[in-house]
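Below is a short briefing on one protein model. Please look at the sequence and the 3D view, then read the points in order.

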Amino acid sequence: MNSYLEAVFGLRPEMRRVFIMVQDVVMVLVAVALSLVLSRSDLSFDALSTEGLATWASIVLIGHLLFRYCGLYTTVWRFASTPDFFNILKSCAILTLTLYLVSLLVRSFQPVQGLNERQFIVFLLVSFTIISAPRLFYRFLRDGASWGILNREADRAQTKQALFVGRLGEADLIIRFTRTAQPADHSIAGIMATEQGAPLGTRIQGVPVVATRPRLVEVLEGYTSGTQSLDLLIFGSGAEHEIEEYSELVRVARHADIAVVQFSGLSQLGQGKLVLDAVEMETILRRQTVPSDIERIGAFVGGKRVLVTGGAGSIGRTLVKRSLELGAEAVLVADNSEFGIFQLNQYVEEKDHDRLKVRIVDVADRRQMTRVVTEFKPDIIFHAAALKHVPLLEENWESAIQTNVFGTLVCAEVAAKCGVAQFVLISSDKAVDPSSVLGMTKRAAEQIVSALHGTAASEPTGRRSATKFIAVRFGNVFGSNGSVATIFQAQIEAGGPVTITDRRMTRYFMTVAEAVDLVIMSAADAASRPAGQDYAVYMLDMGKPVPILEVAETMIRMAGKSPYSDIPIRFTGIRPGEKLHETLHGEDEELVELSTSKIFGLSTDVAQWPDVQAALAALQQSMKGQDKATSLAVLADLDRTTKTRAHARLIPKTAGQAS
């Protein structure tokens with residue numbers, strides 16, 4: 001029976017459908033014969049006579065037409081469920097009733113002996129049984145535990161044994177799809193249920209519930225130290241937010257060389273494939289995220305030409321990939337890193353390469369940038385190009401100013417001159433009350449964009465620019481080039497020590513994917529607002545700051561090691577320019593809640609464009625003399641001017657409230 005079903009369902013869809021139709025009409029004839037035999041009826045006519053053959057042909061024709069009308073041949077039986085089998089019962093009932101009414105009509109003018117209601121009741125039961133049996137058996141084989149027993153004995157040694165940790169509903173789905181996968185990659189050996197009051201010891205599709213909260217870690221340790229062979233730990237979607245012991249479960253599994261993945265959905269449903277993502281550090285530290293408004297950001301980017309400066313960096317390459325995924329007409333990367341652009345080509349899917357263009361340019365070179373923008377004609381510029389390493393930039397202050405300040409100035413002015421619809425600066429929390437070269441240069445970049453926002457000074461002629469300028473400010477991106485995650489990972493792999501500047505230090509963290517979607521959402525929000533009602537600076541809600549020490553300890557545990565004993569942690573002291581705690585907005589900046597979750601507008605006074613131009617001219621002059629102190633003083637004065645204006649704006653408001 002098993003070989004027969006495999007042969008039938010191995011045919012091409014058209015041939016398989018014809019074969020099943022023939023099988024069904026044969027089953028109808030068999031049902032007629034069995035109903036007569038089981039009810040011990042003797043017909044008054046010869047079954048092989050002309051009259052008998054005409055009767056069988058009529059039954060076959062009526063049955064076939066009814067089955068087609070009821071949709072028996074449009075069901076994918078691999079995924080059949082109760083409604084599909086009810087449809088068979090309904091079809092057989094209609095066929096039985098139709099044949100009974102026809103028999104009454106025939107018997108009204110020609111008596112037929114040996115035919116009564118009893119035969120039709122038996123026919124209904126028999127026809128339903130033998131027509132649904134092959135389908136039910138195929139469904140049972142494809143989806144039940146017997147499929148592995150009957151067909152996969154040779155592959156069992158290669159199938160990974162897994163524990164599932166999550167909700168029972170997802171467990172049912174994952175078990176079903178792991179059993180239908182060809183070849184079989186995983187076999188669920190047990191379920192660790194996260195629901196309160198889950199029934200311990202019960203089974204779902206033959207797989208036992210082996211643990212419930214709060215004994216998840218204890219049971220997993222039993223598996224790792226016992227004789228059970230376990231290769232994989234699969235978490236359900238959202239488990240990192242639902243299970244307090246999430247990071248400890250990851251640590252126990254990795255300590256025992258058990259791979260850890262997380263279920264995130266279904267792919268290629270017709271082939272029964274699961275999407276299992278590797279559990280990375282960012283998954284554990286991530287706060288509850290808000291799903292991206294794909295429709296809105298897709299409508300904003302779709303069909304547009306997008307230019308990403310610094311497109312070979314961590315944020316930049318994700319902006320590039322996301323823009324391509326959202327249907328951008330073309331994406332151009334402007335970056336000065338040849339190796340970074342080479343890596344970007346490996347990162348972007350092959351099917352998107354025809355829409356991807358790259359240019360190796362210096363963003364501070366006005367001639368190069370003018371040529372790139374003029375030729376490409378972008379609708380949106382995401383300006384992600386920047387130098388961002390705090391201690392390095394304290395020494396290399398000239399490069400920091402040249403790239404972060406004058407690079408932003410050049411790109412913004414070129415965007416205005418060429419009529420680019422929108423210019424989006426990727427800013428940083430280091431720009432708030434800056435204490436480092438990086439912070440001061442990013443603050444200056446924000447002031448350039450803010451001053452150009454909605455002003456008439458962006459063109460030498462004084463004509464108002466059509467370009468909408470905004471800056472989007474957020475904190476650390478976990479896993480980006482040079483971030484604490486990549487540094488700690490390298491140190492852990494080398495056996496330690498993991499170095500931390502201060503045990504009290506905290507930082508805001510966000511995943512690259514979420515940051516990029518929210519940047520695009522901020523740009524979409526700005527584009528939808530009329531002039532005067534939009535914001536020059538947007539701020540992303542990054543949740544609560546995370547202690548750097550906690551990051552290090554969690555990463556060490558995730559590597560299957562113990563902090564301080566297996567991997568030492570050494571405190572080195574705060575480096576020049578660093579802060580213990582970063583903030584996302586200053587006291588002079590007022591947060592404005594928007595209709596879009598996780599995004600705020602910042603209401604604050606900014607430096608006027610003539611003031612910015614004067615400061616930039618003084619900055620350029622001091623750089624010619626390689627005068628670091630004067631250069632930084634110019635940047636500090638520009639920031640101080642903005643704070644003074646904001647303070648003056650806030651005084652009347654405070655006095656009014658007091659009165």
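Tyrosine 564 sits in the loop between helix H21 (548–558) and strand E20 (569–571); helices (H or I, at least four residues) and strands (E, at least two) are DSSP runs, numbered from the N terminus. Tyrosine 564 is not a glycine, yet its phi is positive, about 75 degrees. With a relative accessible area of 43%, tyrosine 564 is partly exposed; buried means under 20% relative accessible area, exposed over 50%, and partly exposed in between (1.4 Å probe, protein chains only).

This is a predicted model, in which local features need pLDDT of at least 70, side-chain atom pairs count only at pLDDT 80 or more, and totals for chains, interfaces and linings use all residues. Residues are numbered from 1 along each chain as its sequence is written, and side-chain values use heavy atoms, with hydrogens and water left out.

**Backbone exceptions**

- Most residues other than glycine have a negative phi, and most peptide bonds are trans.
- Lysine 377, which is not a glycine, has a positive phi of about 55 degrees.
- The loop between helix H15 (366–376) and E11 holds lysine 377, and this residue is exposed, with a relative accessible area of 56%.
- A cis peptide bond leads from arginine 213 to proline 214, with omega near 10 degrees; proline 214 is in the loop between strand E4 (207–212) and helix H8 (216–225).
- Another cis peptide bond runs from glycine 496 to proline 497, with omega near 0 degrees; proline 497 belongs to the loop between helix H19 (484–493) and strand E15 (498–500).

**The whole protein**

- The protein has 23 helices and 22 strands.
- Of its 659 residues, 50% are buried.
- Among contacts (heavy atoms within 4.5 Å) with a separation of 6 or more, 75% are between residues 24 or more positions apart.
- The protein exposes about 30,900 Å², and carbon and sulfur atoms supply 55% of this area; accessible areas come from the Shrake-Rupley method with a 1.4 Å probe, and for residues only the protein chains shown count as cover.

**Helix H12**

- In helix H12 (residues 294–301), the buried residues are Ile297, Gly298, Phe300 and Val301.
- These residues cover an arc of only 160 degrees around the axis, which puts them on the same side of H12; the arc is that of the directions from the helix axis to the C-beta atoms.
- Glu295 and Ala299, on the other side of H12, are exposed.
- The buried residues of H12 pack against strand E8 (305–309), helix H13 (314–325), strand E11 (380–383), strand E12 (422–426) and helix H20 (512–528).
- Glycine 303 follows H12 and has a positive phi, near 80 degrees.

- E8 runs parallel to strand E9 (residues 330–335), joined by five bridges; two strands pair if DSSP finds at least two bridges between them.
- The chain passes from E8 through H13 to E9 in a right-handed β-α-β crossover: with the strands pointing away from the viewer, the path from the first strand over the helix to the second runs clockwise.
- E8 also pairs with E11 in the parallel sense, over four bridges.
- Valine 306 has valine 331 as its bridge partner in E9 and isoleucine 380 in E11.
- Serine 323 lies in helix H13 and counts as buried at 0% relative accessibility.
- Beyond residues up to four places away in sequence, serine 323 touches Val301, Val306, Ala328, Val331 and Phe382.

**Nonpolar cores**

- A nonpolar core is a set of buried Ala, Val, Leu, Ile, Met, Phe, Trp, Tyr and Cys residues joined through side-chain atoms within 4.5 Å.
- The largest nonpolar core has 101 residues, of which Val320, Phe382, Phe423, Phe474 and Ile520 touch the most other members.
- Helix H17 (residues 397–417) gives the most to this core, twelve residues.
- A second, separate core of 25 residues includes Val32, Leu36, Trp56 and Phe120.
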